Structure formats: C-alpha cells, structure tokens
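Here's a quick briefing to read alongside the model.

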Amino acid sequence: MRIEIVTIFPEFFAGPFEHGILRRARQAGLVQLEVHDLRQFTDDRHRTVDDRPFGGEEGMVLKPEPLFRAVEQIRGQAGDGGRVILLSAQGRLFRQARAAEFARERKLILLCGRYEGVDERVAEHLADEEISIGDYVLSGGELAAAVIADAVTRLLPGALGNEASAVRESFAAAAGESEAGLLDCPHYTRPAEFRGLPVPEVLLSGDHQRIRNWRRRMAFEKTWKNRPDLLERGKLDAEQCQWLGELEKESVR
Ligand code: 9D3
C-alpha cells in the first residue's frame, strides 16, 4: 500500500515512521510512505498556502488550489487513483472498523489541515471523506495522519510478527472480528508479587478454563468502568447481563 501525506510540515513525519512496526513494514515493502510539501503545489512567488476567510472571521484558512493540484498530481502518478482523506476536527470519528477498511486500499492520500481550517470545497469536492481522530482540539492534521498511518499499517498482512494478536486486541470487534467490542483484559508479568501487590491468584493456578473465564469477566469490568459507551453500542449476552447486575449493585465505577 502507498500512503501519501500532504502537509505544510513535511519534516514532522521524520520520526513516527522510523520505529517498531511501521519501520519494519516499510523495510519489508508492505507500505510506502510519501510525504509531500503542500508549498510545492503553489504557483506564486511566496508559495502561499493560506488566505483570510470570507465573511470576516478571525485567522487563516488553507486555500483550495494547492490541495487540488497536489491530489491531482498524486492521483495521476501511475493512474491508480487513491482514496482521499481530509483530516479535520469536523470529520467523522476514526475507529478500528475504518482502519480495517483503509487497510484494503491500494493508495491513501491524507490531507493535513492547519490554521482555522481548510476551504470547504476541499471537503465537499476533493476528499472522499473527512475524518477526525477524537474529540479534542489539535493544532493541525499531522498527528492525526500519523495516527491513521500507524493504525492502518499494522493491519497490513505480514506487518505483525504475531498475526493473531492483531485480531485479538481491544476494539477488534469494531472491525467485525471476534470478542464482542470489549476492551482487553488486564495483563501481568513477573514478579508474582511487586511491592506487596500480588498477581491475581487465578493466573498462577494453571487452570485454563478458570483463566479464560476470569479474562472474559475482567474485560467486561474494565469496559464497564472505563468505556460504558461501548457496552451501550453492543448487545450483551446472558453472562454479561448477570455481571452488569453485580457491578451496578456494587457500584464501584
Ligand atoms: C480552535 C479552532 N476550532 C474552532 C473552535 C476549529 C479548529 C480548527 C482547526 C479545530 C482544530 C483545528 C486543527 N485540527 C485538525 O486539523 C484536526 C483534528 C483535531 O483538531 N482533532 C481531532 N482530529 C483532528 S484531524 C485534524
């Protein structure tokens, strides 16, 4: 897969792709990352990428022409199109299901917004979709593009040493895989007692049936405590309804 990033801060992307899974995926040729400087698609002496908004608001807005020209050029290379994503605080929320969908594309073109925003004609007539990574204000789309590149790349076949772990993880269900939309269960490693804090006895018991049950229960508790919104989205089975009753009685959220 090719991931093409269009930004006014190309140097921003030097770091994120040079470590761990992303670095290995690049080296293995699973993903090609290309970073494009938006200013290279301007045609004036000052390489202007932004301008004042119509209607008398504060701040500056990214102009449409350089972004349209960038996409037309990147799309045209080898004539193989590409899905165009505008990163914007006004976009649809990025979730694992969308990451899985993007991982099936041949080319992703990620457009990073800056300033107060981007000329709306980019969202309406250039991008295939407008995506936000969450409900907080960033200073631009660059971090969001790096997040998306990471989430997508690790899903490419062969990107993970242990391919099974990609499907087991939290949120896997959101992508249409196993595990019913719960957070992951807690994990422990040695020592069995750390500063008076023991590892749950069941994990040392060697009783794999009990361990499986404990993990299901703890995943449910963690989700109830930290992400009750995920429980509302999914449907609970009989066992989970029972646990929910117990947790609501104890009320230790
Ligand atoms: C403070 C300015 N906001 C008006 C109340 C609008 C605004 C403009 C530009 C908010 C954020 C930004 C820059 N952010 C992004 O380009 C962005 C973003 C984000 O802020 N949050 C989550 N995901 C994303 S993706 C791109």
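Two strands count as paired if DSSP finds at least two bridges between them, and strands themselves are DSSP runs (E, at least two residues) numbered from the N terminus. This is a predicted model, so to speak with caveats: local features need pLDDT of at least 70, side-chain atom pairs count only at pLDDT 80 or more, and totals for chains, interfaces and linings use all residues. Residues are numbered from 1 along each chain as its sequence is written, and side-chain values use heavy atoms, with hydrogens and water left out.

**The sheet**
- An open, mixed sheet is built from three strands in the order β3-β4-β7.
- Its edges are β3 (50-51) and β7 (117-118), each pairing on one side only.
- β4 (residues 61-62) runs parallel to β7, with two bridges, and Leu 62 sits opposite Val 118 of β7.

**Who surrounds the ligand**
- The shell (residues with a heavy atom within 4 Å) holds 16 residues, and Glu 116, Ile 133, Gly 134, Tyr 136 and Leu 138 come nearest.
- β5 (83-93) and β8 (129-132) each give at least two shell residues, with β5 providing the largest share, three.
- By type, the shell has nine nonpolar, six polar and one charged residue, with Tyr and Cys counted as nonpolar and Gly as polar.

**Polar contacts (N or O pairs within 3.5 Å)**
- A polar backbone atom of Tyr 136 is 2.8 Å from a ligand nitrogen.
- Ser 132 puts a polar side-chain atom 3.4 Å from a nitrogen of the ligand.
- A backbone N or O of Gly 141 lies 3.5 Å from a ligand oxygen.
- The protein buries 73% of the 570 Å² that the ligand exposes when taken alone (Shrake-Rupley, 1.4 Å probe).

How values were computed. A polar contact is a pair of N or O atoms within 3.5 Å; within protein, one must be able to donate a hydrogen and the other to accept it, and residues adjacent in sequence count only if both atoms are side-chain atoms. Helices (H or I, at least four residues) and strands (E, at least two) are DSSP runs, numbered from the N terminus.
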